[in-house]
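Dear colleague,

Please find the structure below, handed over for your use. My notes on what was found in it follow directly after.

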Amino acid sequence: PSVPRHTNRLIKEKSPYLLQHAHNPVDWYPWGQEAFDKAKKENKLIFLSVGYSTCHWCHVMEEESFQNKEIGEIMNKNFVCIKVDREERPDVDKVYMTFVQATSGGGGWPMSVWLTPDLKPFAGGTYFPPEDGVHRVGFRTVLLRIAEQWKENKDALLENSQKILEALLYRSEVHVQGQESPPPSKEVMATCFRQLSNSYDEDYGGFSESPKFPTPVNLNFLFTYWALHRTTPEGARALQMALHTLKMMAHGGIHDHIGQGFHRYSTDQHWHVPHFEKMLYDQGQLAATYSRAFQISGDEFFASVTKDILLYVSRDLSDQAGGFYSAEDADSYPTAASGKKREGAFCVWAAEEIRALLPDPVEGATEGTTLGDVFMHHYGVKETGNVSPMKDPHQELKGKNVLIVRCSPELTAARFGLEPGRLGALLREGRRRLSTARAQRPRPHLDTKMLAAWNGLMISGFAQAGAALAEQEYVNRAVQAAAFLRRHLFDPASGRLLRSCYRGKDNTVEQSAVPIQGFLEDYVFVIQALFDLYEASLEQSWLEWALQLQHMQDKLFWDPKGFAYFSSEAGDPSLLLRLKDDQDGAEPTPNSVTVTNLLRAACYSGHTEWVEKAGQILAAFSERLRKIPIALPEMARATAVFHHTLKQVVICGDPQGEDTKEMLRCVRSVFSPNKV
């Protein structure tokens, strides 16, 4: 690469996302006092841009606008420009996303927000094209108009920003109204089941037309609903919806059939053409969900998908010190000689490439059949590509194929006159060769930031899979990662978790100059992981650490007035709102998971005030749980755990004895969501 023409102060940061912008002609600042002081001193507006390193549209906006010298000059002259990695600072992201969603009806990344010098938002949106188009105002125009407004109507703008802030404070408050008690579990569970059932896609599984996200919280709710209603038609339907969705996802293009793991979401109804980034939080939750599907159904198919996810994470998202990296990008260079990255380039195939890699005639098949014919038929490969132009607005996938299982093994075998038993080995050989060929392509960018919360979700994935599949190596990997958290993302002196650490030079683990303190989600997902790890390993130290962290979480985040936990600590003057999330989405919201954590903690420790807290959280979210539990399926599930109380399983015996191990295997082979 040539010597960069510009370098700004983001070069001193550790976040891969911020470093991606260190050579923009924009005078970027990280979120912090230096930028705030400059805005106040020079009486300038702040332009805040929030994204993450594997976000496709963030790359597009950077290329079109932030690398553009003229646009950079307009930004530097009129604004103090701040760049935030939402994965490092979810607190900052949530405050301003609340504003963008409230004022524009939509949200997403890159998020673009304009703030007064005292950090109050007054205008915002997501991606802006650089120049005016037929339907959209260009970024350049927006910048100039806002700068003009600040010159001409400063007072009106400041007054308006104050009103907006008051409205946001009012809207975003979650608290107990009067003498509210937890909502009745039976009613909440029934409503949530009904709402999921009504939005279910009978053909392809999932709970929306498109885009389709894996949303493990929905599937886990359905498994618990089934466990409580096994003999009813509704129970049977809940199980069928969950298992069918998991099967269709595993067959779809959202699942990487060559490189393992799952992409972030599908752009279509059929789970076919994904956005190709792979996020750690999806792998962790899906590994746990597929292992539950195996526990319930006994179908080896689900066990094999679990193993596939954990192979991907162990190979591609693991740091040698034991932690897990955050994500892999969607965009990459098609070849080493390419000058421009394309979305999905690492994962897609032209038909002729596959033919060239798999030319061997197949013995015992219809005359003239090659391995390529069998493979292409089974994975829906077309000569002209299998991606509809509708799903490919930038024509990045023209003539390419995203592999998707289109037929059952029996049908593919019958089509070529093969013994059904032989097909598995042929497809395996095809995948192996494609995998070797793919290893020659330039890899997508890897975000090597390690986050406590997402590492927690992944530890749960390994621990639960290890227990359900009786695979000790998975439990060992979870132990290794938990030891990593203890070493690098925990401060024993203060007893507090840290949010993030980074892969440094020579593969060492580095910390930023001022470490970011853990947020509510870091505590909640790590505590959940430690309970899961204790139950899979029976090493008491993990249980003790979980209880210690639960006390710390109570101290830092509990709202004694309105109940439930705030997402961030008190005392940061740069945060305008202390929010409580109220949506279980791609990740569950921390207040939902913490209900089950508190009940487990109480069961293990005998601290009954934790049961009381769990009830108070459910009371605080009572109205939402009654009306739209589909927005909080994980919390709806927790109402059942609260209502039915946890069953305690005690096993007495020599920990190394074969009979004890047999007993443990028996307990772990059964899906029973309400036990410790």
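**An enclosed strand**

Strand β3 (residues 79-85) is largely enclosed by the rest of the structure, because 7 of its 7 residues are buried. Please note that this is a predicted model. The cover of β3 extends to both faces: Phe79, Cys81, Lys83 and Asp85 are buried on one side, and Val80, Ile82 and Val84 are buried on the other. In general, the side chains of a regular strand alternate between the two faces of the sheet.

Two strands pair with β3. Strand β1 (residues 28-30) runs parallel to β3 and is joined to it by 3 bridges; within this pairing, Pro30 stands opposite Lys83. Strand β2 (residues 45-51) also runs parallel to β3, here with 7 bridges, and Phe47 of that pairing stands opposite Cys81. Lys83 and Cys81 both belong to the side of β3 that also holds Phe79 and Asp85.

Helix α3 (residues 56-66) is mostly covered as well, with 8 of its 11 residues buried. The buried residues of α3 are His56, Cys58, His59, Val60, Met61, Glu62, Ser65 and Phe66.

**An antiparallel sheet**

The antiparallel pairing of β13 with strand β16 (residues 500-503) takes 3 bridges. One of the facing pairs is Lys449 with Tyr502, the latter in β16.

**A helix with one buried side**

Which residues of helix α25 (residues 658-668) are buried? They are Thr660, Leu664 and Arg668. These residues lie on the same side of α25, because they cover an arc of only 70° around the axis. As a general rule, an α-helix has 3.6 residues a turn, so residues three or four places apart point the same way. The exposed residues Glu658 and Asp659 are carried on the face of α25 turned away from its buried side. Among the elements that cover the buried residues of α25 are α11 (280-297), α17 (452-468) and α19 (520-537).

**The chain as a whole**

The protein chain contains 25 helices and 17 strands. Its radius of gyration is 26 Å, close to the 26 Å that the globule rule gives for 676 residues, so the chain is as compact as a globular protein of that length. The C-alpha trace spans about 80 × 65 × 50 Å along its principal axes.

Of the 676 residues, 58% count as buried. The chain exposes about 28,300 Å², of which carbon and sulfur atoms supply 52%. Considering contacts between residues at least 6 apart in sequence, 69% join residues at least 24 apart.

Finally, the domain assignment of the chain gives domain 1 (10-172) and domain 2 (347-440). The C-alpha centres of domain 1 and domain 2 lie 45 Å apart.

With kind regards

Note on methods:
Residues are numbered from 1 along each chain as its sequence is written. Side-chain values use heavy atoms; hydrogens and water are left out. Domain bounds come from an automatic or database domain assignment. Buried means under 20% relative accessible area, exposed over 50%, partly exposed in between (1.4 Å probe, protein chains only). Helices (H or I, at least four residues) and strands (E, at least two) are DSSP runs, numbered from the N terminus. Two strands pair if DSSP finds at least two bridges between them. The radius of gyration is taken over C-alpha atoms; the globule rule is 2.2 Å times the number of residues to the power 0.38. Contact means heavy atoms within 4.5 Å. Accessible areas come from the Shrake-Rupley method with a 1.4 Å probe; for residues, only the protein chains shown count as cover. The arc is that of the directions from the helix axis to the C-beta atoms.
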